Structures are given as C-alpha cells and as structure tokens.
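Hi,

Here is the structure I promised to pass on. Have a look at it first, and my notes follow below.

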Amino acid sequence: MSTVRARAAGVTGHRLFWPLVVLVLLLMANAIYRPSFLSVELKNGHLYGSLIDIVRLSAPLILVALGMSLVIATGGIDLSVGAVAAVAGAVACLYISEQPDQNSLGVVLTAVALGFGVALLLGAWNGILVAGIGIQPIIATLILMVAGRGLAQLIAEGQIITINSGPYKVIGVGHLLTLPFAIVIALAVTVLVAVLTRRTALGMIIESVGGNAEASRLAGIRSRRITFLVYVVSAACAAIAGFMMTANVSSADGNAVGLWVELDAILAVVIGGTALAGGRFYLGGTVVGALLIQTLTTSVYAMNIDPQTSLLFKAVVVIVVCLIQAPAFRARFRRRRSVPVTPVEPVGTEKEQVPA
Amino acid sequence: MTTTPLAARPGRAWWRVPPRHVPVLATAALLLVMYSIGVSQYRAFSNIQVVFNVFIDNGFLLVVAVGMTFVILTGGIDLSVGSVVAMTAMVSASLLGNGLHPAVVLVIALLIGPVLGFAMGCVIHFFDIQPFIVTLAGMFFARGVCTWISTTSIPITDGFWTSTAQHRIHLGENFVSVGALIAVAVVAVAAAVLAYTRLGRNVYAIGGNQQSALLMGLPVGRTKIAVYTISGLCSAIGGILLSFYTLSGAPLIAVGMELDVIAAVVIGGTLLTGGSGYIFGTLLGVLVLSIIQTLITFDGTLNSWWTKIVIGGLLFVFILLQRLVGIRTK
C-alpha cells in the first residue's frame, strides 16, 4: 500500500506529469469532439493531419522557447525575442524583395545569412548589456523589445514587405522526408541544443552560473562569457523562428511578426518546469510546454470556440498549471490531505517545508 | 550608504546632490532640454496649451504609471495594466449601452480592477509564484474578458459620460479636461501616501530588502497584496479616463501599454529592483514620453516608429545612468 502510494507520488510529483496530463486531456477532448482529429495520413509522400499541424505551428515557439530556457537557466530573461524575430524576418525579406531573381537559392541563403547576422548582433548587444555592464536582464532586453519593433518597421519603412520566393517559402511550409520542413528544423535545433548542453559540461556550467554567478566565477567558470553566450543563442533561435513566421505568410510585417511570442515562450519554459529563478533547465519540459500552448490554441479553433476568447482559456490554463507546480500550493494541499490519514510522522516534516 | 555621507558631510560641496536624486534630476533636465528644443523649433510649441494637452492626452497613462510605481517599488512587476485599462473601458461601455445608471457603472468599473489586482496579489503572496507569471495570466484574462464582451468597439452615448468628456475647465485662455485634473489629483494623493503614510514606508522597506522587512515585523504579505490592489485601482481609473477620452470601449485598445508604463517609470528614475524612486519621477517620465510624441507630431516628417526607437534609446541611457550612480555609492 505504502509503496504503491510512494510510487504514485513519484509519478505525480514528476515535473512533467501535470503538463503532460493537461496535454493528453486537451488532445482527448479534441478527439471526442472530432474523431478524425487523431488520424494522420500520407498524401503525395507528405504527412497530413491535425497532430502534424499542431507540431508544425508550434515549431517557431519551440525554437524561441529553447533559447529562452537557456537564458532563464542563467537566472535571466529575454523579452526581446519577438522583436529580434521581426527584425531578422524583415532583413531577410527586404534583401529578397530587392533581388531580380527571388527564386534563386543563393539569394535566399544570403538573405537568411544576413538576417541571422543581424540577429546575432542584437543578441550580442543584449549579452553586453547584461554580462558586460551588469544591467538587470528584464530591463536590458526591454530596451530591445521596444526599440527592436521600431527597428523592424524602420527596415521595412513601415510597409509590409511581400516576397514571392519559392526557396524561402520552404522554410515555413515545405516538406522534407514526409515531414514539414519547419518540424525538421525545430527537431534539429532541439537535438543540437540538447547534445551541446547535456552531452558536454556546458549545460551544467550554465546551470551553475544561474545558481550563483559569483561562486561559479570563483570556481573557475567564465560566468560572463556564458551569460553573454546564452543571449546570443537566444537571439539566433529567435531569428530562425522569425524566418519561419515570415516564410509562412511570404511577407514581413514589422508590427505583427513574433508579437507576444516572448510571453508564450516564457510560459512554455515555466510550464516545462524550469523555474524563473534560474539554476535549472529542462529542454524536454520546454518542448512539452510549447506543444501544450499550441494545442490549446488549435483546440480553441477546432472546437468552434470564438478565437477571441482563447485568451481566457490561456489564462485559466496558465494559472492552473503554475498553481499545481508551485511548491507552496502543493505543500498546502498535501498537508490538508495527509493530516487525517497519517497524523503522526509525515506531518512534521511537511510542515517544515511550508514557507512562512 | 547612510553613514558615509554623514561622515563626509563637512567636506561635501553644497552642490553635491544625494545620489538617489540624480536620476530624477536627470529626467527633469532632459524634459527641460526637450521642451526648449520644441519651443525653439516650432512657434506653436510655446503655447501653454501644448503643456495642458500633454496632460489631457496622457492622463490615463499617468494614472496607470503611478500604480506601476507602487508595484515596482516593492520589486515586483504588473504586466496586466494595459489589459485592465481596456477591460474597464469595455465593461463601462457595455454596461452603459445596457442602460445602467452612470453612477452604478462607475462603481462597478472602479471595483473590477482592484478585485483582479487583489486576487493576483494573493496568488503572488500565498503561493509564492513570480509576479511576472501571475500578472501575465492576469493580462491574458483581462484581455480575454474584453474580447468576450465584444469583438468590436462599443461607442458610449451616455449623457454623463459625454458631458464629462467634453467639459472644458478654463484656466485663463487655455483649458484642461476633467480627466487631466483627475490624473493630477491621483498623482498628488499617491505621492502623499508613498511619502507620509505607514503603507508608503512599508513599500520602500520591502523593496529595499524583503527579508529584513519581514524580520522587522512589517506586514510584508499585506503590503504586497495592497500594492497590486492599488495598481489595479489605478488601472481602473486609467480605464475610466480612457473611456472619457475616446468615448468608446475597444477590445484591442491599450495593447502594449504596460511597456510604455514600465518605460515611463524607469525613465522617471525608479529602480526596477525596488526600494528607490519617487512618484514625482514617474510624473516626469510620463511627461518625457509625451513630449517625444508631441515633438514627433509637430515635426511631421518623422514616422511613428521613431517614437519606439527614441524611447528604447532613452531607456538605455537612463538605465546606464542608474548603474553609474549605483557604482558610485558603493
């Protein structure tokens, strides 16, 4: 009995348990509402289906959230990702729109490289402000969040740049090996980041900087360099997401690209079990969080709920997931439940965990 | 910090201002410079009505920024303000459309914001979740309520609302609106509360060091919940002022306003880590933002996105300034 309970507690206590439960519940609700929801079919060598759509649409969010996880792991936050995505997309689209042959692969590669380069510069700017000058991350990146939008509009001269480029469009809606190209990119970046951080010491170094930057420095880690690096990586991820978003619609709107993506990304990271205080990060959790957010949005559309009210649902889900994960809330709940069952032994230990 | 100036006082020159005043003074200087640039460049700028218009056009921003100052002084942040402003305006417009008495509508509209703020404050304090996340959820919630009420703009035709909105209080040859006066009154009350009441001192103490405040026996939880309630109340007042100003409730109005508000508070010299800042600084910060907009409108050739770039640049300069001042006091 007690081992069963302990094992159940181990499963429900896992940081991904509740987000996964919510994700599965959402998918089930969709499947009940529309039985064809779960079916995936192969047409012309490409996979189609609602599930594939959800993953494809969440690809930009996954990318942004991956970079955000690393930033949050160092105890920082990056509010500028949406603006960086808009700038990168605007630069790439502007370059393509000025070329005579928009369908040439070379042009698209140059455009992507240009956008990427600008994004790296913006990331370096954030990194210098945070790691070099020592400004609080939330403020340092707020600067670029406000000014970056202006910059994106300045690049596009206030217009929406529309392009007609086949190769660029592939980034958003193309296919590779039966899968949508966007999913392949998101998967590749996820694997790359995971291997770099979890198969080398880099991940642990990032976490140690987040735990205590000064102690890490004294232990021989170049804290500043690591902090600088995560902001550059975050901007790079945001840039790829920006290419995807602009490629999806073959146009760049400085005002609309990546609007609120920073909030969704932070949400995805937090739902995935990474604490905003830093010192830990869970890439798997982040991906689950991003999928959960996109599933929520898609369900609202699929179930014919007024899309405008989707924000209400989002608010409720955010609060529920955050409450369930909050240690203080859990401790309260657990204490109340366990008092009548076993009044003697566990209560004492658990009461100590309740923060004042 | 308090002991060294005391020891150094005899040798200190009279013009050395306390470091905590430097950001506010810098903002004031910037405001003066920008105003003189405006006056020297454009003839119509010297009209005193330009100054009054700044208050008329940005009264709601000013009120919301005052609420945000309280929250930021405790070291928190409130991302929900823009949505709460929109929600208040929407609720007022829709209730007035249903023929409710304006006084009842006013009371209901003024209650919604503080209730939401109180709820967010409770979640932040009792469940120990970061203010950033909680107020983010509050932002989604309030915006969701807006679009749930209506997806299109609702005009306000109520007699009380329109007459208040169009009423001009004449001061000599110029005039101000009722909204602008309310905004100035809110600033005065908030400044007094922050400077002279127990609540105000508690806010500074918690922002300085929450742990110390707790050990000193200050009511940390109560104060934290109170600041989010105050911010909600200010957002509600801001929403009413906005509905006076636009005479309608629109679901997508005031999107991104929280950034302008935070920028105004930071430019006004309030430290985002909490514990240091003044309502007067926030007033100056809002004025700086509005003068930038006025200058860009007067110029006519500059596009609106320059506003964002200039605000971003100013944020950078002021944060750098705070940083330098901070280094000097250490």
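**What I found**

The unreviewed UniProt entry annotates "transmembrane region" over residues 20-38, 50-73, 103-127, 133-154, 175-196, 225-245, 278-298 and 305-325 of chain B (positions follow the numbering used here, feature names are shortened, and annotations may be inferred rather than shown by experiment). Keep in mind that this is a predicted model: local features need pLDDT of at least 70, side-chain atom pairs count only at pLDDT 80 or more, and totals for chains, interfaces and linings use all residues. Residues are numbered from 1 along each chain as its sequence is written, with chains lettered from A and ligands numbered from 1 in the order in which they are written.

I checked two of those stretches in chain B. Residues 50-73 are 100% helix and 0% strand, with end C-alpha atoms 31 Å apart; residues 225-245 are also 100% helix and 0% strand, and there the ends are 30 Å apart. (Helices are DSSP runs of H or I, at least four residues, and strands are runs of E, at least two, numbered from the N terminus.)

Next, a helix pair in chain B: α8 (residues 178-196) and α9 (residues 198-208) pack at about 70°, their axes 5 Å apart (axes are lines fitted to C-alpha atoms over the stretch in contact, and angles run from 0 to 180 degrees between N-to-C directions). α8(B) and α9(B) are therefore roughly perpendicular, a label for 65 to 115 degrees. Val193(B), Leu194(B), Ala195(B) and Tyr196(B) of α8(B) meet Leu199(B), Gly200(B) and Val203(B) of α9(B) (contact is C-beta atoms, placed from the backbone, within 7 Å).

Finally, Val84(A) touches residues including Ala119(A), Leu122(A) and Gly148(A), leaving out those up to four places away in sequence.

Cheers

Methods:
Contact = placed C-beta atoms within 7 Å. Parallel < 35°, antiparallel > 145°, perpendicular 65-115°, else oblique.
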